[in-house]
Structures are given as structure tokens and as C-alpha cells.
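Please open the model in your viewer and keep the selection tool at hand. The stops below say what to select next and what is found there.

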Amino acid sequence: MPHDPDTFGGASDLAEDLASPLLYERRDLYHEATTEELAALTHRQLELVGEDPEREGLVKTPERVAKAMQFLTHGYRLDPEAILRSAVFEESYSEMVLVRDIELYSLCEHHMLPFFGKAHVAYIPNGKIVGLSKIPRVVDVFARRLQVQERLTIQIRDAIERVLEPEGVAVVIEAQHLCMMMRGAEKQNSMTTTSAMSGAFLDNDNTRAEFMRLITG
Ligand SMILES: [Zn+2]
């Protein structure tokens, strides 16, 4: 697989998913024609901001940016519900399952600048559970697309809801947005919190309170 370890890491899970034809038809992480076109755009972008794309430090930048862009948006090419379905088990466990502090990196769709933070995901099983590692994978697949934090939160909830049909799902995301921080538009260190809940987390105050206590504790 053509993967440049100097450019960015974290491709091992991706490689695992790409190895499964169920989840993904195209095996290559980078598409050659796309890389070429994106690199040409970046080359022009460098000229437009007043840089010399031919100077030594920038010669390889268009290709690096082209590959980074494809990696940062590889979630479009993966099916989060298929990833969940690949590890569903029948199980009578009916207490809350919580995966907290899931690292999250995404790009805002308004500026294509990063937002990053943590996701906390909980569900209450109704006969079906999912392999725990699949929950961070689902967060990642949706995050590796152009996003707004609100929609990202809802998409994670809905995917788990549809595949597991649980008693309830709760997702909370806390993130900082570089488009706000770098442009000085808002308070520099402000954290944006979004939540999406269903079932017992909406209907039962105690369940919701327990979830909130567990993620803030
Ligand atoms: Zn933005």
C-alpha cells in the first residue's frame, strides 16, 4: 500500500478496514489521478498566497497535501454501519456500555480546518452488543469527512441506533475548532459541546444523569 509514514500516521486501522472487500472496494489508500489533480490545485494555491512552489522546502508539498487530504477524508470511502455489523454479538447484558475519551480529529466543512477533541459514546444493549473497538472506528469514519460537529454527533448516534437497535444511545462530543481559534473569531480556548441521545437516555432522567456523571467523573 503506498503510504508515506513521514506525512501522517494512524493508517493501521484503515489498512485493516481496507483489507475487507465487504467494507471497501478500492484497496489503494491514495488514488493516483486524484493525487495528481489535488497536487496541481495545491501548487496553484501556493502561487496565489505569494509563495514560490518551486523553492526547495515546497517542492514536495503539493503531493504531501494531496495525500494528506485523501487520508483526512477517507471516511467517505468506508461504511460505518458495515464496520459495526462485522462485530455484532447476541448477548443478554443490559447495563450501560460506555466508551469515553475517544480521540477525534475532523475537518470543518466551512473552512476545511481541523476541529479536534473527544467523543463519549454509550448505549444500553437490547440483546445485541458490538465489539468495543468498533465504536472508536465508527467515530473515526464519520470524523474523516468534512463535517459540522452537530451532524457528526447525530450520525454516530444514528449508526449505532440502526445496527444495534439498543434501548438507547448517547453521544457527547467536546471539541476545539481551529477555524475559530486561529482566526481569532471567538474565545481562543472555547470548547464546543454537542450531544445526541435516544431511547432511555432521553426518557429516563437517571440514565442520562448516570451517563453524564460517568463522562465528567
Ligand atoms: Zn470552520
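Select strand S6 (168-177) to begin: this strand is mostly covered, since eight of its 10 residues are buried, where buried stands for 20 or more other C-beta atoms within 10 Å of a residue's own, exposed for 12 or fewer and partly exposed for what lies in between, with C-beta atoms placed from the backbone. Strands here are DSSP runs of E with at least two residues, and helices are runs of H or I with at least four, both numbered from the N terminus. This is a predicted model, in which local features need pLDDT of at least 70 and side-chain atom pairs count only at pLDDT 80 or more, while totals for chains, interfaces and linings use all residues. Residues are numbered from 1 along each chain as its sequence is written.

Now show the whole sheet, which is open, has five strands in the order S5-S2-S3-S6-S7 and is mixed in its pairing. Strand S5 (146-147) and strand S7 (192-197) stand at the edges with a single partner strand each, so one side of each is left without a neighbour in the sheet. Helix H5 packs on this sheet, where H5 touches S2, S3 and S5, and the direction of H5 makes about 15° with that of S2; axes are lines fitted to C-alpha atoms, for helices over the stretch in contact, and angles run from 0 to 180 degrees between N-to-C directions.

Which residues have the most contacts inside the largest nonpolar core? They are Ala119, Val121, Val138, Val139, Ile156, Ile160 and Val171, in a core of 34 residues; a nonpolar core is a set of buried Ala, Val, Leu, Ile, Met, Phe, Trp, Tyr and Cys residues joined through C-beta atoms within 7 Å. Among the elements that each supply at least two residues of this core are helix H4 (80-85), helix H5 (134-143) and helix H8 (200-203). Centre the view on valine 139, which, leaving aside its neighbours within four places in sequence, is in contact (C-beta atoms, placed from the backbone, within 7 Å) with Ile102, Leu104, Ala119, Val121 and Ile156.

Then select helix H2 (residues 32-48) and helix H3 (residues 61-72), which pack at an angle of about 125° with their axes 8 Å apart. The residues that make this contact include Leu38, Ala39 and Leu46 of H2 and Val65, Ala66 and Met69 of H3.

Finish with two loop residues. Methionine 112, in the loop between strand S2 (97-108) and strand S3 (114-124), has a phi near 55°, a positive value in a residue other than glycine, and methionine 112 is exposed, with 12 other C-beta atoms within 10 Å. Glutamate 165 is found in the loop between helix H6 (149-164) and strand S6; its phi is positive, about 40°, although glutamate 165 is not a glycine, and with 12 C-beta neighbours inside 10 Å this residue counts as exposed.

Notes. Contact = placed C-beta atoms within 7 Å. Pairing = 2+ DSSP bridges.
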